[in-house]
Amino acid sequence: MCCMHALAQVINHGIPEQVLQDMESVSEEFFQLPAADKAHFYSEDTNRPNRLFSGSTYKTSKRLYWMDCLRLARTFPGSDCKKEWPEKPEELRNVFENYTALMRGLGMEMLHMLCQSLGLPSDYFDEDQSAGDMILSVIRYPPCPTPDVTLGLPPHCDRNLITLVLSGSVPGLQVFYKGDWIMVKPIRHSFVINFGLHLEVVTNGIIKSVEHRVITNSVQARTSVVITINGTEDCLIGPAGELLGENKPPRYRTVTLRDFMRIYNKSLENPDAAIKERMKPFMI
């Protein structure tokens with residue numbers, strides 16, 4: 001069976017230039033606020049859907065990484081989640097609300113196109129497969145005094161359905177390809193699209209989630225605006241029946257997304273484990 005390693009940069013995406021500029025500007029303003037204006041939002045409690053964390057461990061690993069992250073959740077359709085978001089800068093809530101709505105539309109459009117190319121119903125991901133909280137993560141990588149030995153984020157695959165990244169003009173994102181780490185060249189106001197392990201399972205491995213990491217530098221701060229679209233905790237993820245056949249048996253077990261995340265997160269306690277080892281519990 002052929003497979004596709006899925007990471008792409010998208011231009012001509014239809015998101016207005018002003019929307020992207022506003023998002024970058026307000027994100028910068030937030031991180032430039034005095035510490036006292038942000039302190040009440042700071043938390044290391046991973047169960048809080050909206051929080052600021054800094055110099056954090058990655059998931060359950062004990063290693064520290066050089067990053068600050070404002071993480072916000074939004075539910076579609078309808079809920080007024082922005083009341084739980086930071087009050088400063090004054091325009092943050094409206095700018096972030098507009099941005100997340102447009103990005104939700106773009107992400108779902110890309111999933112529809114993907115379904116059509118795979119022979120799945122175009123609305124395959126329209127309900128519980130994508131109805132979990134959409135997460136907006138504004139990640140700030142400050143200049144690092146020891147970039148040779150300090151990562152912004154470790155090598156990992158995204159576990160969600162689809163990720164859309166607005167990463168600015170400072171390089172730092174690398175993908176692992178044929179044994180080497182390759183720098184992704186920034187293209188202004190483009191989006192880096194990464195399909196996650198959820199999608200890898202549903203496509204029975206036709207699409208492979210790409211391992212990536214973020215390196216630091218000692219000169220320039222770097223900011224990434226990351227949108228992730230996620231399924232509900234109770235949704236079942238497993239190979240789509242339309243992609244199976246006599247010579248195309250399922251390669252993955254069908255489990256709830258909750259169990260998938262629980263088992264996969266447990267594997268992160270060993271930060272040196274390879275991606276293939278982390279996926280073994282789900283393989284048939």
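Two strands pair if DSSP finds at least two bridges between them. In this predicted model, such pairing builds an open sheet of four strands, in the order β5-β11-β7-β8, with antiparallel pairing. The strands β5 (151-156) and β8 (180-183) stand at the edges of the sheet; each has a single partner strand, so one side of each lacks a neighbour in the sheet. On average, and with direction ignored, neighbouring strands of this sheet are turned by 30 degrees against each other.

One pair can be followed in detail. Strand β7 (residues 173-177) joins β8 through four bridges in the antiparallel sense. Phenylalanine 176 stands opposite tryptophan 181, which belongs to β8.

According to an unreviewed UniProt entry, residues 130-231 carry the annotation "domain: Fe2OG dioxygenase". This span is 6% helix and 47% strand, and its end C-alpha atoms lie 4 Å apart.

| Core | Number of residues | Residues named |
|---|---|---|
| Largest nonpolar core | 49 residues | Leu70, Phe96, Tyr99 and Phe191, which touch the most other members |
| Second, separate core | 15 residues | Phe53, Cys69, Val210 and Val214 are included |

What does leucine 70 touch, if residues up to four places away in sequence are not counted? The contacts of leucine 70 include Phe30, Phe31, Phe41, Leu52, Phe96 and Leu136, and also Arg51 and Ser137.

How values were computed. Residues are numbered from 1 along each chain as its sequence is written. This is a predicted model: local features need pLDDT of at least 70, side-chain atom pairs count only at pLDDT 80 or more; totals for chains, interfaces and linings use all residues. Side-chain values use heavy atoms; hydrogens and water are left out. UniProt positions are given in the numbering used here, feature names are shortened, and annotations may be inferred rather than shown by experiment. Helices (H or I, at least four residues) and strands (E, at least two) are DSSP runs, numbered from the N terminus. A nonpolar core is a set of buried Ala, Val, Leu, Ile, Met, Phe, Trp, Tyr and Cys residues joined through side-chain atoms within 4.5 Å. Buried means under 20% relative accessible area, exposed over 50%, partly exposed in between (1.4 Å probe, protein chains only). Contact means heavy atoms within 4.5 Å. Axes are lines fitted to C-alpha atoms, for helices over the stretch in contact, and angles run from 0 to 180 degrees between N-to-C directions.
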